[in-house]
Amino acid sequence: MAKVSSDQLGTEPIGKLLIKQAVPASIGILVMSLNVLVDSIFVGNWIGSIAIAAINVVLPVSFFIAALGMAIGVGGSSIISRALGSGDKQKALKTFGNQIALTLLLTIAMVALGLYFVDDLIPAFGGKGSIFPLAKVYYTIVLYGVPFLALCMMGNTVIRAEGKPKFAMIAMIIPSVGNLLMDYIFIYVFDWGMHGAAWATTAGYLFCFGYILYFFLSKNSELKIGISHFWLNLPILSEMGSLGFVTLARQAVTSITYLLMNNILFNLGGEAMVAVYAIIGRMLMFAFFPVFGVTQGFLPIAGFNYGAVKYDRVKESIYTAIKYASLVATVVFIGLMIFPDFFTGLFLSNKENLPLEEIMTNAFVMDHAPNAMRMVFAATPIIALQLIGAAYFQAVGKAIPALLLTLTRQGFFFIPLILLLPHFMGELGVWLSFPIADVLATIVTGYYLRKEIKTKLTVA
């Protein structure tokens, strides 16, 4: 794959450039999504469907802490992209050093708190009944590796801001492949059960961190920082925080959503209903990989050209990204509408002599998950506008609209819907909340993006 330097972000044709950026991002996200998917399939088949529900309970807590790294990465990378676009190399270096220092300080503190309150957090996120002991095992082990995951997520966005999508792709692939390999060894060969699943995940984080460290120490990176760059700089932290808060707020709302969904569904149908949501959650992570890939590819292009005051290229990148992302989202939609039973069945064990509880859970999941999946993904073809629109404001450093649009779907629409509709419609109300929130959020995002293009992106 051709190498892309930061300068090329402002000169190459947008369509070609977006493909160069988006394809590696999509492949990386695909492998990460396959990791989540196959990891859950391994756990479901070798440990049990209750174990999938246990992982689903733990993910919001560990991912929120890791999202600190992503937030710092995205906020800082927006600064780096614009700094490189305007030729301010020193600001880019200072920003990168501050990203590393802040990621370490915050994630280590959050992990300490997460371990101290473990017995309170797991039940709060729906880890009740037979889910609790499995969730506690997985949570405690995985949390030790979360600071490394945070550094990886931060570093990956910086690699992409440098215009090096191939290296960013490899960084995303390494933990996934490592995790799946360790899954086989720890769960299947060593028969470590839930301990094996947790250690496999943590090992994947460490493999990724090793590669990210190699990249920035090698000649492949333009960002060669010194000790002085690690000293925290208030103006940079302020700008980084305002932009990164968008990503952090998104993950915070996602964690709250998991908390509410797991508890609402547990009350509606117990552990089996939580398992249904766990499977659908895995499909949400997996199915949208090409759309997220286009979004990730779009960010550095929009940020660089905005910093270089090439507004015509910014507009072209918006339209091209929406077109590409809508196309792949439609393909995803068709596949999930036709084959929901197939995807559900992948997660369920076919072993003989299963415990009665596991047999009953599997039957319940197979009966409920396919129709729920169809409803959850009903608005998939239109989500590209929602994602690209919110990403644009983040890429160009407009923190407030980026934050509001990012929170629109889950915070302003989805959470109120899942608190309201189940009272009148039960389980059906939970699943219908997904497409309704998608449609409303897309309308709002489309309005503000159109207004921004017409009033702000005038050709300089």
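Reply: Start with Asp191, which counts as exposed because its relative accessibility is 63%. The cut-offs, with a 1.4 Å probe and protein chains only, are: buried under 20% relative accessible area, exposed over 50%, and partly exposed in between. Asp191 sits in the loop between α6 and α7. Those helix names come from DSSP runs numbered from the N terminus: a helix is H or I over at least four residues, and a strand is E over at least two. Asp191 also has a positive phi, near 60°, and it isn't a glycine.

Before we go on, keep in mind that this is a predicted model: local features need pLDDT of at least 70 and side-chain atom pairs pLDDT 80 or more, while totals for chains, interfaces and linings use all residues. Residues are numbered from 1 along each chain as its sequence is written, and side-chain values use heavy atoms, with hydrogens and water left out.

Val309 is another non-glycine residue with a positive phi, about 60°. You'll find Val309 in the loop between α9 and α10 (311-338), and it counts as partly exposed because its relative accessibility is 42%.

Next comes Asn305, in helix α9 (residues 289-307). With 0% relative accessibility, Asn305 counts as buried. Its side chain makes a polar contact with the side chain of Arg313 at 2.8 Å. A polar contact is a pair of N or O atoms within 3.5 Å; within protein, one must be able to donate a hydrogen and the other to accept it, and residues adjacent in sequence count only if both atoms are side-chain atoms. Leave out residues up to four places away in sequence, and Asn305 touches Leu9, Gly10, Lys310, Arg313 and Val314. Touching, or contact, means heavy atoms within 4.5 Å.

Now for the charged pairs. A salt bridge is a side-chain nitrogen of Lys or Arg within 4 Å of a carboxyl oxygen of Asp or Glu, and there are eight salt bridges by that rule. One of them joins Lys164 to Glu222, with the closest N and O atoms 3.0 Å apart. Lys164 is in the loop between α5 (131-161) and α6 (165-189), and Glu222 in the loop between α7 (194-217) and α8 (234-287), so this pair ties together parts 58 residues apart in sequence. Lys164 is buried at 4% relative accessibility, whereas Glu222 is partly exposed at 26%.

Another salt bridge runs between Glu452 and Lys398, whose closest N and O atoms are 2.6 Å apart. This pair links distant parts of the chain as well: Glu452 is in helix α15 (residues 427-455) and Lys398 in the loop between α13 (383-395) and α14 (399-425), 54 residues apart. Both partners are buried. Lys20 and Glu12 make a salt bridge too, at 3.0 Å between the closest N and O atoms. Arg82, Lys91 and Glu239, meanwhile, are linked in a network of salt bridges.

On to the rings. Rings of Phe, Tyr and Trp (its six-membered ring) pair if their centres lie within 6.5 Å; planes under 30 degrees apart are stacked, over 60 edge-to-face, and the rest tilted. The structure has 22 aromatic pairs. In one, Tyr184 and Tyr188 have ring centres 5.2 Å apart and planes at 25°, so they are stacked. These two tyrosines are four residues apart in helix α6, which puts about one helical turn between them. For Tyr258 and Tyr277, the centres are 5.6 Å apart and the planes at 50°, so that pair is tilted. Tyr258 is buried at 10% relative accessibility, and Tyr277 is buried at 4%. Ring pairs also join Phe42, Trp46, Tyr184 and Tyr188 into a cluster.

Last stop, the cysteines. A disulfide is a covalent bond between the sulfur atoms of two cysteines, and here the cut-off for calling one is a pair of cysteine sulfur atoms within 2.5 Å. A search of the whole structure finds zero disulfides. Cys152 is in none, and its nearest cysteine sulfur, on Cys208, is 3.1 Å away. Cys152 is buried, with a relative accessible area of 4%, and Cys208 is buried at 7%.
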